[in-house]
Amino acid sequence: MKQNISLAELCRRIGQTPQNFNKKLKRGTVSTGEMLKIADVLGIVFEQRFIIKGKSSIEITNREVEHE
């Protein structure tokens with residue numbers, strides 16, 4: 001899915017300069033919080049999950065949780 005947003009505009013919306021964000025991308029130091037902000041700006045879902053011995057899990061997401 002292509003989003004029509006420039007890197008400069010994305011950086012502005014997440015509160016960073018393009019120079020700083022490019023450095024983070026090159027170093028691989030973009031934080032989970034930053035990934036959540038990026039997903040929100042782009043209108044996409046970000047999920048990160050740790051599965052503990054195939055039974056329980058810890059999940060970080062910007063997706064709204066559906067309650068039964």
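Reader: Which residues does leucine 7 touch, not counting residues up to four places away in sequence?
Author: This is a predicted model. Leucine 7 sits in helix H1, residues 7-14. Its relative accessibility is 36%, so leucine 7 counts as partly exposed. Not counting residues up to four places away in sequence, leucine 7 touches Phe21 and Asn22.

Reader: How far apart in space are leucine 7 and serine 31, C-alpha to C-alpha?
Author: In sequence, leucine 7 and serine 31 are 24 residues apart. In space, C-alpha to C-alpha, the separation is 17 Å.

Reader: Is lysine 24 buried or exposed?
Author: Lysine 24 is found in helix H2, residues 18-27. Leaving aside neighbours within four places in sequence, lysine 24 is in contact with Gln16, Thr29, Val30 and Glu34. The relative accessible area of lysine 24 is 17%. Buried means under 20%, so lysine 24 is buried.

Reader: Which residue forms a salt bridge with lysine 24?
Author: The closest N and O atoms of this pair are 2.3 Å apart. Lysine 24 lies in H2 and its partner in H3, so the pair ties together parts that are 10 residues apart in sequence.

Reader: Which residues are linked in a network of salt bridges?
Author: Arginine 12 forms a salt bridge with glutamate 9, with the closest N and O atoms 2.6 Å apart. Glutamate 9 also forms a salt bridge with arginine 13, at 2.8 Å. Glutamate 9 and arginine 13 are four residues apart in helix H1, so about one helical turn separates them. The network links Glu9, Arg12 and Arg13.

Reader: Where on helix H3 do its buried residues fall?
Author: The buried residues of H3, residues 32-42, are Glu34, Ile38, Ala39 and Leu42. Seen down the axis of H3, they fall within an arc of 140°, so they line one face of the helix.

Reader: What covers the buried residues of H3?
Author: Contacts with H3 give part of the picture. Leu10, Arg13 and Ile14 in H1 meet Lys37, Ile38, Val41 and Leu42 in H3. The residues of this contact divide into five nonpolar, no polar and two charged. What covers the buried residues of H3 includes H1 and H2.

Reader: At what angle do the axes of H1 and H3 cross?
Author: H1 passes H3 in a right-handed crossing. The axes come within 10 Å. They cross at roughly 115°.

Terms used
Residues numbered from 1 in each chain as written. Predicted model: local features only at pLDDT ≥ 70, side-chain atom pairs only at ≥ 80, totals over all residues. Heavy atoms only, no water. Helix = DSSP H or I, 4+ residues; strand = E, 2+ residues; numbered from the N terminus. Buried < 20%, exposed > 50% of the residue type's maximum accessible area, 1.4 Å probe, protein only. Contact = heavy atoms within 4.5 Å. Arc of directions from axis to C-beta. Axes fitted to C-alpha atoms, helices over the stretch in contact; angles between N-to-C directions. Left-handed = near helix turned anticlockwise from the far one by under 90°. Nonpolar A, V, L, I, M, F, W, Y, C, P; charged D, E, K, R; others polar. Salt bridge = Lys/Arg side-chain N within 4 Å of Asp/Glu carboxyl O.
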